[in-house]
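Please keep the sequence and the 3D view open while you go through this note. Each point takes up one topic.

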Amino acid sequence: MASHSTLFIYPQNLSSNFSSLFFYSPKFLTFQTKKLSSLSLSTPTTKPRRLSVSASHSLQALIFDCDGVILESEHLHRQAYNDAFAHFNVCCPPSSEPLNWDIDFYDVLQNLIGGGKPKMRWYFKEHGWPSSTIFETPPESDEERAKLIDTLQDWKTERYKEIIKSGTVEPRPGVLRLMDEAKAAGKMLAVCSAATKSSVVLCLGNLIGMERFGGLDCFLAGDDVKEKKPDPLIYLTAAKRLGVSEKDCLVVEDSVIGLQAATKAGMSCVITYTSSTADQDFTDSIAVYPDLSNVRLSDLELLLQNVVAAN
């Protein structure tokens, strides 16, 4: 007989996202210090009704983001962008010096806009389209602007690959062990990244190894979907390819952009934050970790199986 828990719920407090409240609420399952004051049950004016709730969802697929989760890579991306701006002498008016994104600005930018091309397009729209060795004067047509961004992104991607190939980059703590635990337990494993496919393939091949990479049940990059995170399309596509319900997937992300993409797809999400995302609001996650070194598969399974009883 399937195990179940009995809850007493007052009708006026029963919201449409019932399953999220009682299966996945971060206010009960987070590993940060949280207060329960945000979950208030008012004094009932009607007789409570008895509901029997079964914990029917289980972890079937574990989905990792790449940048920030498998490797702490944002400083590497920033370096590659700045190298590209210097190489092509990209100068935004009125400056005559090549564009350089400093650490503080890039931390804000990367958590505001997902994907490399959208980052540059947003920046140039806000600060003015630049002159460069690609176009001596700032491009005015959509075609020229697209060519500028494509050229910069292609060069930046190749530079990023050189950095990854240097052998100085390692995966974040606990990632490889957790992947191996999931595969050994028969769970499906996927990677969904907003980065370009060529750079993600290179990262995975160098950091998790070709055997683990080849064993992935699904791999999606920014090139594979029309919309970037925080749009949920990449995670919805992954669930469809894996052939599982979104409710049976658990996403590992590092930023609020990724968290929004996962939750909009109807998936639960745990956060393993980086130095640049540590201060973000992860209220909608089900757990928050500094890294995965002390996280076991059984911990993640429990997060999806626990039912929170409230009277």
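1. **A loop with a proline.** Start at Pro94. Pro94 sits in the loop between H3 and helix H4 (103-110). The peptide bond from Pro93 to Pro94 is cis, and its omega is near 5°. Keep in mind that this is a predicted model.

2. Look at its backbone: phi of Asn89 is near 50°, a positive value in a residue that is not glycine. Is Asn89 buried, partly exposed or exposed? Asn89 is partly exposed, because its relative accessible area is 35%.

3. Lys229 and Pro230 are joined by a cis peptide bond, with omega about 15°. Pro230 is located in the loop between S5 and H10.

4. **The overall picture.** Now step back. The protein has 12 helices and 8 strands. It has 311 residues, and buried residues make up 47% of them. The protein exposes about 15000 Å². Carbon and sulfur atoms supply 49% of that area. Take the contacts between residues at least 6 apart in sequence: 70% of them join residues at least 24 apart.

5. **The sheet.** In what order do the 6 strands of the open sheet lie? The order is S5-S4-S3-S6-S7-S8, and the pairing is parallel. S5 and strand S8 (287-289) are the edge strands, as each pairs on one side only. On average, neighbouring strands of this sheet are turned by 20° against each other, direction ignored.

6. Strand S3 (residues 61-64) and strand S6 (residues 249-253) run parallel, and 4 bridges join them. Find Ile63 in the view. Opposite Ile63 stands Val251 in S6.

7. **A buried asparagine.** Asn82 belongs to helix H3 (residues 74-87). Asn82 counts as buried because its relative accessible area is 9%, and the cut-off for buried is under 20%. Which residues does Asn82 contact, leaving aside its neighbours within four places in sequence? They are Leu99, Asn100 and Trp101. Look closely at Trp101. Its backbone nitrogen lies 2.8 Å from a polar atom of the Asn82 side chain.

8. Side chains of opposite charge can pair when their charged atoms come close. How many salt bridges does a search of the whole structure find? The search finds 12. Asp180 and Arg212 form one of these pairs, with the closest N and O atoms 2.9 Å apart. This pair links distant parts of the chain: Asp180 is in helix H7 (residues 175-184) and Arg212 is in helix H9 (residues 210-214), 32 residues apart. Asp180 is partly exposed, at a relative accessible area of 35%. Arg212 is partly exposed too, at 29%.

9. Lys187 forms a salt bridge with Glu301, and the closest N and O atoms are 3.1 Å apart. Why does this pair tie together parts that are 114 residues apart in sequence? Because Lys187 lies in the loop between H7 and strand S4 (188-192), while Glu301 lies in helix H12 (residues 297-305). Lys187 is buried, with a relative accessible area of 17%.

10. Lys197 forms a salt bridge with Asp224, with 2.8 Å between the closest N and O atoms. Lys197 is in helix H8 (residues 197-207), and Asp224 is in the loop between strand S5 (218-220) and helix H10 (233-242), 27 residues apart. Lys197 counts as partly exposed at 30% relative accessibility. Asp224 counts as partly exposed at 27%. Elsewhere, salt bridges that share partners join Asp65, Lys229 and Glu253 into one network.

11. **Back to helix H7.** Arg177 is found in helix H7. Its relative accessible area is 25%, so Arg177 is partly exposed. Not counting residues up to four places away in sequence, Arg177 touches Leu292, Ser293, Asn294, Val295 and Arg296. Check Arg177 against Arg296. The two are 119 residues apart in sequence and 8.5 Å apart in space, C-alpha to C-alpha.

Terms used. Residues numbered from 1 in each chain as written. Predicted model: local features only at pLDDT ≥ 70, side-chain atom pairs only at ≥ 80, totals over all residues. Heavy atoms only, no water. Helix = DSSP H or I, 4+ residues; strand = E, 2+ residues; numbered from the N terminus. Buried < 20%, exposed > 50% of the residue type's maximum accessible area, 1.4 Å probe, protein only. Polar contact = N/O pair within 3.5 Å; in protein donor to acceptor, adjacent residues only side chain to side chain. Contact = heavy atoms within 4.5 Å. Areas by Shrake-Rupley, 256 points an atom, 1.4 Å probe, with all protein chains shown as cover. Salt bridge = Lys/Arg side-chain N within 4 Å of Asp/Glu carboxyl O. Pairing = 2+ DSSP bridges. Axes fitted to C-alpha atoms, helices over the stretch in contact; angles between N-to-C directions.
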